[in-house]
Amino acid sequence: MTHDAGSDQRAADQHAAAASPDQPRPEYPRPQLVRERWLNLNGRWQFSFDSGDSGEERGLRTAELDRDILVPFCPESTASGIGDVDFHEAVWYRREVSFPADWDQRILLHFGAVDHDATVWVNDVEVARHRGGFSSFSADITAALRRTPGQDTAATIVVRARDSRHQPQARGKQATWYANSSCNYTRTTGIWQTVWAEPVSEHHLGRPHIIPELGDPAFTVQVPVSANAAGLVVRARLRDQAGVISQAEALADADRTPTLRLPIPADRVRLWRPGHGELYDIDLTLIDDGEVVDEVASYAGLRSVTLVGDRFLINGEPVFQRLVLDQGYWPDSLMTAPSDEAMVHDIELALEAGFNGARLHQKVFEERFLHHADRMGYLVWGEFGDWGVSGRGPRGDNQEPTASFITQWLEVLERDRSHPAIVGWCPLNETHQVMHDRITVLDDVTQGMYLATKLADTTRPVLDASGYSHRVRDTEIWDNHSYEQDPAAFAEQQSGLAEGKPYENRAHDGAAYGYPYQGQPMFCSEYGGIWWNPEAAAAARGNDSAHSWGYGQRVSDEEEFHARFAGLTQVLSGNPQMFGYCYTQLTDVFQEENGIYRFDRSRKLDVARVRQAQSDVAAYEKRTE
């Protein structure tokens with residue numbers, strides 16, 4: 001039976017929804033570190049465009065702004081109430097907030113994500129600067145508040161977000177020219193994930209790093225504390241539906257990050273695995289000389305990921321990974337999910353079509369998505385948003401690699417590394433260095449992100465870059481991307497793996513992108529992308545990419561789609577040396593019409609046939625060694 005972890009979080013979600021029924025995205029945004037008291041700051045904010053980035057000089061930091069926006073939706077989205085898709089050099093936000101009188105401790109202000117370069121003021125006092133549109137950040141705003149004992153505390157929050165089209169930055173699939181086209185999409189500027197606040201004591205708990213141990217079943221929990229002090233004790237308690245399983249304590253004044261071990265007896269072991277999101281509750285308490293000063297609720301899944309030769313094992317078993325590429329865009333809200341239910345629905349759509357997981361592609365998904373993947377047993381590969389980073393195309397120079405790539409990625413790893421659904425990391429995607437090039441900044445960034453991942457998380461394998469340039473010689477996973485549309489040619493292309501010679505992506509002149517294959521676990525992490533839009537086909541619009549785009553020759557009818565999908569897919573599932581695949585993609589996105597579902601998530605295919613084409617027992621799972 002799947003343990004329904006997170007009762008404290010559900011109560012917090014229900015409280016938020018009941019308190020503000022018209023507030024967008026009212027649910028608790030940080031599911032693995034839940035506190036009872038918090039304030040959701042989504043909703044109406046004052047807003048102003050700042051096309052010349054002159055707002056500071058013009059006094060916008062202290063002025064009333066000229067329009068409203070619905071946070072957390074970006075101004076390019078119609079969900080925000082604005083829907084302006086032009087370039088925006090800078091934007092400003094302003095909101096008056098009242099914190100309850102009993103919030104007489106420290107107050108933390110949290111931003112799920114702001115694209116791209118954010119500065120935050122509270123009562124005209126700068127409290128935070130953050131660069132990077134994909135990672136979360138927080139600010140302790142206590143010193144900026146003007147408090148009166150026994151009364152609510154009013155505060156003015158102002159945010160400036162810069163998002164220059166002329167500065168190199170990580171953009172993912174955001175177009176660097178005006179119109180979206182091919183697989184480049186409408187931009188996101190400014191706040192695009194939940195803004196919220198919470199009170200904490202002077203001494204409080206940080207985000208735990210929860211490490212599952214399957215060999216001798218237990219969870220190791222590393223718990224940072226805001227400040228060490230004599231008399232501080234961290235207590236951890238592990239629970240399932242039957243009650244408390246184990247508990248442990250550690251002095252917080254002795255170790256900078258107290259580490260606790262929570263053993264699981266054999267009769268209480270429940271493995272997290274694909275299709276079965278078995279979760280345990282973990283309660284964490286900080287005690288100061290016998291008095292509780294902080295309490296948080298978390299959860300974890302017991303599962304292992306190991307590499308043995310060319311095999312990728314989950315809980316010691318060769319589970320074939322039938323992944324789908326998920327871009328995480330919606331028509332009206334762009335990179336922000338329109339609701340919590342929308343994220344659940346996308347996972348349900350993938351499962352219905354026969355996939356057991358996803359590459360979360362070219363954006364860092366909201367943590368709520370990972371929570372739902374955890375509880376639904378949905379495999380996930382975590383990724384950064386770097387597409388086009390090599391800057392070799394005429395429009396690619398704005399996504400040059402910078403130190404910010406590594407900084408943001410470390411923030412992502414810190415946030416997400418305890419989610420059991422994540423089974424692998426691939427920081428970069430489709431970089432284009434070739435072996436006859438000299439060592440580049442991109443090589444340094446690739447190596448830096450790879451090493452940072454290994455240091456932050458020793459429990460999962462790392463793929464240096466998905467597809468194309470494998471420039472870390474000993475990358476733990478190897479892959480290729482192929483959009484060959486003919487199943488017979490695809491089979492011939494991928495047939496060399498049995499001899500240790502897999503298909504390699506190469507430059508147009510035939511130059512090798514990276515180091516040769518060395519026997520690592522291997523999968524085809526992008527294939528298919530079958531171009532199908534029945535309305536466009538009926539209208540005989542030909543290959544007009546302004547209206548419709550996909551890979552290769554579009555199919556003439558749905559029957560041809562199913563034949564091609566089954567043929568391409570079974571080439572990969574029939575290869576005993578390949579541990580999985582990733583089909584492009586879950587939904588259409590704007591003009592890119594190669595999804596299993598339409599952009600609005602309605603059906604354009606017989607999904608049962610898509611599932612049937614994936615129902616075979618993969619050759620990889622039949623291997624005996």
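## Charges over rings

K173 lies over the face of W387, 5.2 Å from the ring centre. Likewise, the charged end of K363 sits over the ring of F365, at 4.5 Å from its centre. For a charge to sit over a ring here, NZ of Lys or CZ of Arg has to be within 6 Å of the ring centre and within 35 degrees of the ring normal.

A quick word on what you're looking at: this is a predicted model, where local features need pLDDT of at least 70 and side-chain atom pairs count only at pLDDT 80 or more, while totals for chains, interfaces and linings use all residues. Residues are numbered from 1 along each chain as its sequence is written, and side-chain values use heavy atoms, with hydrogens and water left out.

## Aromatic pairs

How many aromatic pairs does a search of the whole structure find? It turns up 32. Rings of Phe, Tyr and Trp (its six-membered ring) pair if their centres lie within 6.5 Å; planes under 30 degrees apart are called stacked, over 60 edge-to-face, and the rest tilted. One of the pairs is F219 with Y280, which is edge-to-face, with 5.5 Å centre to centre and 70° between the planes. F219 lies in strand 14 (residues 218-222) and Y280 in strand 18 (residues 280-288), so this pair ties together parts that are 61 residues apart in sequence. Strands (E, at least two residues) and helices (H or I, at least four) are DSSP runs, numbered from the N terminus. Both partners are tucked away: F219 is buried at a relative accessible area of 0%, and Y280 is buried at 1%. Buried means under 20% relative accessible area, exposed means over 50%, and partly exposed is in between (1.4 Å probe, protein chains only).

W549 and Y551 make another edge-to-face pair, at 4.8 Å centre to centre with 65° between the planes. Both W549 and Y551 are buried. There's also a cluster linked by ring pairs, made up of F320, F490, Y527, F561, F565, Y581 and Y583.

The protein chain is split into domain 1 (39-200), domain 2 (209-300) and domain 3 (318-622), with bounds that come from an automatic or database domain assignment. The C-alpha centres of domain 2 and domain 3 are 34 Å apart. At their interface, 11 residues of domain 2 are in contact with 16 residues of domain 3, where contact means heavy atoms within 4.5 Å.

Together, domain 2 and domain 3 bury about 1100 Å², and 64% of that is on carbon and sulfur atoms. Buried area is the accessible area (1.4 Å probe) that two parts lose on being put together, summed over both. Which three residues supply more than any others of the area that domain 2 buries against domain 3? They are H209, W272 and Y299, which supply 52% of it. As for salt bridges across this interface, the rule finds zero; a salt bridge needs a side-chain nitrogen of Lys or Arg within 4 Å of a carboxyl oxygen of Asp or Glu.

Helix 3 (residues 367-376) is mostly covered, with nine of its 10 residues buried. The buried ones are E367, R368, F369, L370, H371, H372, A373, D374 and M376. Just after helix 3 comes G377, with a positive phi of about 65°.

Is Q362 buried or exposed? At 1% relative accessibility, Q362 counts as buried.

## Loops to look at

S77 is in the loop between strand 3 (67-71) and strand 4 (90-99), and at 1% relative accessibility S77 counts as buried. If you leave aside its neighbours within four places in sequence, S77 is in contact with I82, G83, D332, S333 and L334.

Two cis peptide bonds are also there to find. One joins D115 and H116, with omega about 10°, and H116 is in the loop between strand 6 (114-115) and strand 7 (117-122). Another joins T584 and Q585, again with omega about 10°, and Q585 lies in the loop between strand 30 (578-584) and helix 9 (607-612). R601 is also found in the loop between strand 30 and helix 9. R601 has a positive phi of about 75° although it is not a glycine, and R601 counts as buried at 9% relative accessibility.
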